[in-house]
Amino acid sequence: MLNNVGRPTRPEEMDGEVDNFETYTGNKALNLETPLIFEQGEPGRVGVDLPEPKEFTDRLGGLSREGNIGLPDLSEPQVLRHYVRLSRQNYSIDAGFYPLGSCTMKHNPRINEKAARLPGLGDIHPLQPVETVQGALELIYELGEWLKTITGMPAVAMSPAAGAHGELCGVMAIRAAHDAKGEARTRILVPESAHGTNPATAALCGYKVDAVQARPDGRMDIEAFKAKLGPDVAGVMLTNPNTCGLFENDVKEIADLIHGVGGYFYCDGANFNAILGRTRVGDLGVDAMHINLHKTFSTPHGGGGPGSGPVVFSDALAAYAPVPYVVKGEEGYRLQEQVEGDAQDSFGRMKGNHGQMGMFIRALAYMLSHGADGLKQIAEDAVLNANYVRVGLNDLLHSPYDGICMHEALFDDSTLKDTGVTTLDIAKAMIDEGYHPMTMYFPLVVHGAMLIEPTESESKETLDMFIGSMRHLISKAQSGESPEHFTQAPRFAPRRRLDETSAARKPVLRWTSSAS
Ligand SMILES: *Cc1c(COP(=O)(O)O)cnc(C)c1O
């Protein structure tokens with residue numbers, strides 16, 4: 001539309017030059033550039049006014065630093081603007097649809113944030129005397145009770161700081177259990193489609209990783225699994241629902257088989273969102289499972305804050321769980337901090353302090369505000385939404401595995417063959433459409449994988465718009481008319497295509513002054 005004197009009111013009416021239009025500053029209106037913070041400093045500029053320190057003598061024995069430490073000298077508005085500008089270059093779940101498969105980037109209700117900032121919870125310190133933080137300990141304890149109830153497992157370790165850390169916790173407990181029996185087992189079985197953290201964890205704990213192939217239907221091949229079992233197998237690490245978005249139907253048999261050879265069953269619970277309130281892993285024979293609080297119970301990660309990966313344990317492994325943990329007694333709550341008494345078989349401590357308190361508060365607020373019925377509906381809606389996306393796209397994109405999926409829809413790149421457009425190009429074109437791309441090239445077992453997880457918190461309108469944009473992009477790619485629409489994307493992002501290979505192989509991780 002033109003305004004009353006004939007000038008354009010929208011950017012696309014700007015006589016077709018938007019793409020190449022240069023500005024003096026490099027800014028494009030709301031799209032603001034910001035130099036590195038080190039480049040903005042000016043020696044002697046300060047953002048605070050502190051009194052001169054009193055005379056003092058240090059006890060560093062002459063080791064105190066002489067020169068300055070190389071931080072930029074900046075005013076407060078410079079610092080503020082720098083970080084606000086950076087934040088505006090970042091995509092967020094609050095700004096738009098975030099279909100990143102395997103990551104469960106769901107809406108984070110504001111009530112969580114409100115609870116986490118309550119002064120009685122937000123302003124406490126992990127080293128305070130326990131009498132002064134009884135409420136916080138009660139919260140950790142209660143959250144643990146919820147996690148035990150939801151999973152049907154008898155014990156929980158709250159301290160692990162993320163999913164991968166939870167896996168480490170689980171496999172260290174498995175190792176401690178074998179050590180206690182005097183058994184030196186050497187292998188851990190991991191399906192081919194596993195998240196990279198699974199084999200990494202097993203290797204870190206000193207085990208040989210033995211990959212189990214998948215069946216054509218995307219589940220672990222149970223015959224191949226049986227063939228690999230033996231007295232040297234310490235356990236299996238299985239994700240359920242798996243990273244192809246499929247429920248491992250043979251899970252009970254897998255549990256019985258691994259127990260039959262004296263091994264333990266580690267379940268990667270990162271996809272728990274899909275079965276929450278519907279399936280109790282305790283009934284499936286699982287011995288340990290981490291729960292990504294930052295996936296299943298909102299608080300999305302990746303620029304959104306820290307993670308938290310509590311681990312639930314079966315009776316067989318409970319005694320080996322790490323310290324510290326909260327104990328409820330007659331006199332209130334206390335912390336079991338040492339490997340002694342009831343905790344004498346514990347494998348020890350994984351991290352300082354008692355876990356990610358802020359995440360505990362958010363997760364419990366999320367559970368309490370949903371209630372048991374609401375938690376169940378989360379899983380149902382997540383699966384419904386994923387299947388809605390799957391059916392909305394499956395005449396254009398090929399699903400490597402037939403049938404209904406769980407919380408995420410998986411496609412391969414076979415319909416892009418000979419178009420000159422790759423999965424990566426589709427992802428870049430999605431950025432121009434205003435989406436965070438789906439997960440690409442994972443799981444590795446699927447060629448050119450596109451893994452789309454809408455989560456339960458998206459509306460039908462959002463899903464329809466997304467399906468519409470994907471249909472538009474895929475049809476355009478398949479038509480072969482303008483591969484450059486894809487290979488040149490993204491056009492509108494603050495940066496376009498970076499040299500990712502150099503960034504990975506020769507990363508420049510430290511700023512050095514051009515003057516020096
Ligand atoms: C996210 C994820 C992990 C790792 O969890 P982090 O919290 O990122 O360490 C492990 N396995 C699967 C299947 C995941 O999706």
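This section describes the ligand surroundings, the aromatic ring pairs and the cysteines of a predicted model.

The shell around the ligand is made up of 14 residues, of which Gly163, Ala164, Asp268, His294 and Lys295 come nearest. By residue type, the shell divides into eight polar, three charged and three nonpolar residues. Two helices, H6 (163-180) and H10 (293-296), each supply at least two residues of this shell. Helix H6 provides the largest share, with three residues. At Gly163, a polar backbone atom is 2.7 Å from a ligand oxygen. A polar backbone atom of Ala164 is 2.8 Å from an oxygen atom of the ligand. On its own the ligand has 380 Å² of accessible area, and the protein covers 88% of it.

Aromatic side chains form a second topic. The model contains seven aromatic pairs. In one of them, the ring centres of Tyr91 and Tyr98 are 5.6 Å apart and the ring planes stand at 65°, so the pair is classed as edge-to-face. Tyr91 is partly exposed, with a relative accessible area of 24%, whereas Tyr98 is buried at 8%. The pair of Phe97 and Phe466 is also edge-to-face, because its planes stand at 75°, with ring centres 4.9 Å apart. This pair links distant parts of the chain, since its members are 369 residues apart. Phe97 is in the loop between helix H2 (76-88) and helix H3 (110-116), while Phe466 belongs to helix H14 (residues 460-479). Phe97 is buried, with 4% relative accessibility, and Phe466 is buried as well, with 0%. Ring pairs join Phe97 and Phe466 with Tyr435 into a cluster.

The cysteines were examined for disulfides. A disulfide is a covalent bond between the sulfur atoms of two cysteines. The structure holds zero disulfides. For Cys103, the closest cysteine sulfur is that of Cys244, at 15 Å, which is too far for a bond; the cut-off for a disulfide is 2.5 Å. Cys267 is likewise in no disulfide, and the nearest cysteine sulfur, in Cys169, is 15 Å away. Both residues are buried: Cys103 has 18% relative accessibility, and Cys267 has 2%. The limit for counting as buried is under 20% relative accessible area.

Key: Residues numbered from 1 in each chain as written. Predicted model: local features only at pLDDT ≥ 70, side-chain atom pairs only at ≥ 80, totals over all residues. Heavy atoms only, no water. Buried < 20%, exposed > 50% of the residue type's maximum accessible area, 1.4 Å probe, protein only. Near = heavy atom within 4 Å. Polar contact = N/O pair within 3.5 Å; in protein donor to acceptor, adjacent residues only side chain to side chain. Areas by Shrake-Rupley, 256 points an atom, 1.4 Å probe, with all protein chains shown as cover. Helix = DSSP H or I, 4+ residues; strand = E, 2+ residues; numbered from the N terminus. Nonpolar A, V, L, I, M, F, W, Y, C, P; charged D, E, K, R; others polar. Phe/Tyr/Trp six-rings, centres within 6.5 Å; stacked < 30°, edge-to-face > 60°.
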